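Let's take a friendly walk through this structure, one element at a time. Have a look at the picture first, and then read on.

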Amino acid sequence: MTVVDRLRRDRPVFSVEFMPPRDDEDELRLWNSIRSLEGLDPAFVSVTYGAGGSGRDRTIRTTGRVARETTLTTMAHLTAVEHSIAELRNVIGWYAALGVRNILALRGDPPGDPMGTWVRHPQGLAYADELVRLVRSLGDFCVGVAAFPYGHPRSGDLETDTDHLVRKLRAGADFAIAQLFFEAEDFLRLRDRVAARGCDALLLPGIMPLTTPRVLAKSVELSGAAVPPALATRLDPLADNPAAFRAEGMNVVTELCERLLAEGVPALHFYTFNRAKATMEVVERLNLVPSRTS
């Protein structure tokens, strides 16, 4: 089944994102997480694709193994940065040969410095909408793209950034996954901006359980936004108390998810960093486990 097939259900669902393992220990951790989450029947799982094409082979190998050895619906990442069109065609062909029919098409960040100057490969593509069209031209793929609740760092303003997102969706993307954000309204305003342009594509919010101060700092880095004062008031006093910080961070994320689901969001996309426990706790709190909702 495609990602869209899995998302269009009569109940809210969730999906999870993994990274390709860096070493044997990381691979064991990853597969323990995959097996733990498999029983909860996520709508799909995705495997990231490193900046500048780094980790490409590990991504393809991991994605293929998930497709072959599990019951999970798999989505592969693909970035245009530092790849020629011929190389992109080759990667897409590898995915097709592995039976992977769902691809998240991303322009990608420059290698080494995500905020560095983006340079198009001489025989490559300049924008994500071009990559969407390329994937679409090569087979019957379900294609996703990235969305940015606070706007992409290279976009001048939110309206321009929303125009870019809608262009990707109209190029043939079936859905978009939002980068991290801190408050439900940040995502809901993005959804409203897209709808105001006459686009009704599926938008998934990106969620990361706040288990440690380090994870909170990573959320700031990935979202490009500062921690809101109300959230800082709840979490900052607990920075030196790991158990208390984790408990309150999980409460914060659960409340965020509850608000999104109440606003009709059909699915939640969890960034796992290859660990399953926190994501499992949140989806169980939200009653998203199939056996408890059917």
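Which residue takes a positive phi just after H8? That residue is Gly224, with a phi of about 80 degrees. Please keep in mind that this is a predicted model.

Now step back into helix H8 itself, which covers residues 213-223. Its buried residues are Val215, Leu216, Ser219 and Ser223. Seen down the axis of H8, these residues fall within an arc of 105 degrees, so they line one face of the helix.

Next, find strand E8, residues 267-271. Five of its five residues are buried, so the strand is largely enclosed by the rest of the structure. Ala267, His269 and Tyr271 lie on one side of E8, with Leu268 and Phe270 on the other, and both faces are covered. Strand E1 (residues 13-18) pairs with E8 in the parallel sense over five bridges, and Phe14 stands opposite Leu268. Strand E7 (residues 202-207) also runs parallel to E8, joined by two bridges; here Ile207 has Phe270 as its bridge partner.

Finally, turn to helix H3, which has 14 residues, 56-69. From first C-alpha to last, H3 reaches 20 Å, close to the 20 Å expected at 1.5 Å a residue. Among its buried residues are Thr59, Ile60 and Val66. Helix H2 (24-38) and strand E3 (74-79) are included in what covers the buried residues of H3.

Conventions
Residues are numbered from 1 along each chain as its sequence is written. This is a predicted model: local features need pLDDT of at least 70, side-chain atom pairs count only at pLDDT 80 or more; totals for chains, interfaces and linings use all residues. Side-chain values use heavy atoms; hydrogens and water are left out. Buried means under 20% relative accessible area, exposed over 50%, partly exposed in between (1.4 Å probe, protein chains only). Helices (H or I, at least four residues) and strands (E, at least two) are DSSP runs, numbered from the N terminus. Two strands pair if DSSP finds at least two bridges between them. The expected span of a helix is 1.5 Å times one less than its number of residues. Contact means heavy atoms within 4.5 Å. The arc is that of the directions from the helix axis to the C-beta atoms.
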